[in-house]
Amino acid sequence: MADVNTASAAFLATIPSPDQGVWHIGPIPIRAYALCIIAGIIVAIWLGERRWVNRGGTKGTVIDVAVFAVPFGLVGGRLYHVITDNQLYFGEGKNPLNALKIWDGGLGIWGAIALGAVGALIACRRRGIPLPAMADALAPGIVIAQAIGRLGNYFNQELYGAHTDLPWGLEIYQRYNPTNPDDFLNGVAIGHVPLPDSPVHPTFLYELLWNLGVALLVIWADKKFRLGHGRVFALYVAGYTAGRFWIEMMRTDTANHILGLRVNVWTSILLFAAAIAYFVLAAKRGPREAPETLWSKDVPREDADSASADSGESHAEVAAAPDTVRDSAADKATEDPKPDAEK
């Protein structure tokens, strides 16, 4: 009886994993990982749209940009994963077609941001708006989306660290898939049989919380210092990579190494340095972009002024006002929304 109580107490002192990450409605699989990615994208678009309009941009522009950026980003994220973990898909006994199975997990944020930026650039040029300004509006939503996406790793029982006895250790269980014994991802935990290293450091949770902290930092800094010209995005990259560096060092999943360090550790170091350099150099471009530079070229000037008038401000009146009045109006027009997305 004492052993049972001890085991129960130990279980309650840890974080249990879900029994499965995939459910079926008839022949259709419903994957938690995919749902988390979709939810993250929705939140990023919603918050990015609010921030873009409040900075003086045309309503609906973020959705138009997302039409290009999201598919580009998904392809880029998958390409980065396949390239950096190519041993999972190529070589003796491997099936290269598995590289196309994005639903089984495996998206590299670096590739998603890089190729997603290409898609966003295409959309921004079509609209006649500056990409750095759009990136600044999207930055907090992107890192919140990354936090939501980490919940998908929780359901997949992946991206965890070494064994730990800390109270927030993560219990990981053996999953069984009767149709394919080697496919644990689509299996179900029966009887909560722990894996040998369980409980482990929930590094996915560490990154989730870090990402939400970065989002708060970015929103606060943007509001206080009126950052522009891509500096908000640079601050996001620097903040995220700083956390990814130490969290990546804790992970125990298989990864390729260069000079003794995981590939993603090197990527974090290089991107952190590049982001800091850009943040400093971009300050020379002066204050945040003027609202009129964010209007889409395919929206008539009178429509943009009318939309601004609906919210109590007219871009035309602001542009014609004395400097003191214009600065005050610009402050109001570009004030960031108070986030309720830190949930």
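Leaving aside neighbours within four places in sequence, which residues is Arg150 in contact with? Some notes on that and a few other spots follow.

1. **Ground rules.** This is a predicted model, so local features need pLDDT of at least 70 and side-chain atom pairs count only at pLDDT 80 or more, while totals for chains, interfaces and linings use all residues. Residues are numbered from 1 along each chain as its sequence is written, and side-chain values use heavy atoms, with hydrogens and water left out.

2. **Arg150.** The answer to the opening question is Leu159, Phe204, Glu207, Leu208, Tyr240 and Arg244, where contact means heavy atoms within 4.5 Å. Arg150 sits in helix α5; helices here are DSSP runs of H or I with at least four residues, strands are runs of E with at least two, and both are numbered from the N terminus. Its relative accessibility is 12%, so Arg150 counts as buried (buried is under 20% relative accessible area, exposed over 50%, partly exposed in between, with a 1.4 Å probe and protein chains only). UniProt lists Arg150 under "binding site" in an unreviewed entry; positions follow the numbering used here, feature names are shortened, and such annotations may be inferred rather than shown by experiment.

3. Most residues other than glycine have a negative phi, and most peptide bonds are trans. Leu159, one of the contacts of Arg150, has a positive phi of about 60 degrees. Leu159 lies in the loop between α5 and β3 (173-176) and counts as buried because its relative accessibility is 15%. Leu259 also has a positive phi, near 55 degrees, and belongs to the loop between β5 (257-258) and β6 (261-262). At 76% relative accessibility, Leu259 is exposed.

4. **A cis proline.** Worth a look: the Ser198 to Pro199 peptide bond is cis, with omega near -5 degrees. Pro199 is in the loop between β4 (188-194) and α6.

5. **Aromatics.** The structure holds nine aromatic pairs; rings of Phe, Tyr and Trp (its six-membered ring) pair if their centres lie within 6.5 Å, with planes under 30 degrees apart counted as stacked, over 60 as edge-to-face and the rest as tilted. Tyr154 and Phe204 make a stacked pair, 5.2 Å centre to centre with 20 degrees between the planes. That pair links distant parts of the chain, with Tyr154 in helix α5 and Phe204 in helix α6, 50 residues apart. Both Tyr154 and Phe204 are buried. Together with Trp23 and Phe155, they form one aromatic cluster.

6. **Helix α2.** How does the geometry of α2 check out? Its 23 residues (32-54) should span 33 Å at 1.5 Å a residue, and the end C-alpha atoms are 33 Å apart, which agrees; the expected span is 1.5 Å times one less than the number of residues. Buried residues of α2 include Tyr33, Gly40, Leu47 and Trp52, and the buried set packs against β1 (22-25), β2 (28-31), α3 (61-84), α5 (131-156), α6 (203-225) and α7 (231-250).

7. β1 and β2 run antiparallel, joined by four bridges (strands pair if DSSP finds at least two bridges between them). Ile25 stands opposite Ile28 in β2. Two residues separate the strands of this hairpin, and Gly26 in the turn has a positive phi of about 65 degrees.
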